[in-house]
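I opened a new notebook page for this chain. My plan is to go from the overall layout to single residues.

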Amino acid sequence: MGRLVSSGEEAIEKLKMAQGQFDTVNADFIFNFPTQTIAQFEKDVATFKALGLDQATFYPLMPSPHKKSRLEDASIRSIPPTKKNSMINFTELYQGGYKLYRLVLFSR
């Protein structure tokens, strides 16, 4: 989508630095990228739980009209709904003591 991408290690380091500095630390997740597997998404959720962060928000990839050039990319437009639905199984978070507060927000 043309965004700046950092490594997972950088993101983890910054989240760890934020812990204890704020009342609540939230991690935003965008999922359902065309090449993303369910196993990769599950690993991201497991990493979040291992960090012990307060809350997380989860958003499926939804191409924006502001990114018209990327909307023309067939791989972005053709993500099967069955894949997205499979990724939305947040059972791991419920088992980790997190509660669903809004459609996309889990907190404890």
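**Layout.** I read along the sequence and noted the pattern α-β-α-β-α-α-α-α-β-β. That gives 6 helices and 4 strands. I am working from a predicted model.

**Whole chain.** I looked up how much of the chain is buried. Buried residues account for 26% of the 108 residues. The accessible surface is about 7,600 Å². Carbon and sulfur atoms hold 55% of that surface. I then checked contacts between residues at least 6 apart in sequence. Of these, 73% join residues at least 24 apart.

**Strand β1.** I went to residues 26–31, which form β1. Which residues sit on its covered face, and which on its uncovered one? Ala 27, Phe 29 and Phe 31 are on the covered face. Asn 26, Asp 28 and Ile 30 are on the uncovered face. I recalled a general point here: side chains in a regular strand alternate between the two faces of the sheet.

**Pairing.** I looked for the partner of β1 and found β2, residues 55–60. The two strands run parallel, and 6 bridges join them.

**The unit.** Helix α2 covers residues 38–51. I noted that β1, α2 and β2 together make a β-α-β unit, and that the unit is right-handed.

**Core.** Next I looked up the largest nonpolar core, which has 15 residues. Which members touch the most other members? They are Phe 29, Phe 48, Leu 53, Phe 58 and Leu 93. At least two residues of this core come from each of β1, α2 and β2. The largest share, 4 residues, is supplied by α2.

**Phe 48.** I listed the contacts of Phe 48, leaving aside neighbours within four places in sequence. Ala 27 and Phe 29 are in contact with Phe 48.

**Gly 52.** I ended in the loop between α2 and β2, where Gly 52 lies. How exposed is Gly 52, in terms of relative accessible area? Its relative accessible area is 26%, so Gly 52 counts as partly exposed. Leaving aside neighbours within four places in sequence, I found Gly 52 in contact with Gln 19, Tyr 98 and Arg 108. I also noted Lys 16, which is 36 residues from Gly 52 in sequence. In space, the two are 9.5 Å apart, C-alpha to C-alpha.

Notes: Residues are numbered from 1 along each chain as its sequence is written. This is a predicted model: local features need pLDDT of at least 70, side-chain atom pairs count only at pLDDT 80 or more; totals for chains, interfaces and linings use all residues. Side-chain values use heavy atoms; hydrogens and water are left out. Buried means under 20% relative accessible area, exposed over 50%, partly exposed in between (1.4 Å probe, protein chains only). Two strands pair if DSSP finds at least two bridges between them. A crossover is right-handed if, with the strands pointing away from the viewer, the path from the first strand over the helix to the second runs clockwise. A nonpolar core is a set of buried Ala, Val, Leu, Ile, Met, Phe, Trp, Tyr and Cys residues joined through side-chain atoms within 4.5 Å. Contact means heavy atoms within 4.5 Å. Accessible areas come from the Shrake-Rupley method with a 1.4 Å probe; for residues, only the protein chains shown count as cover.
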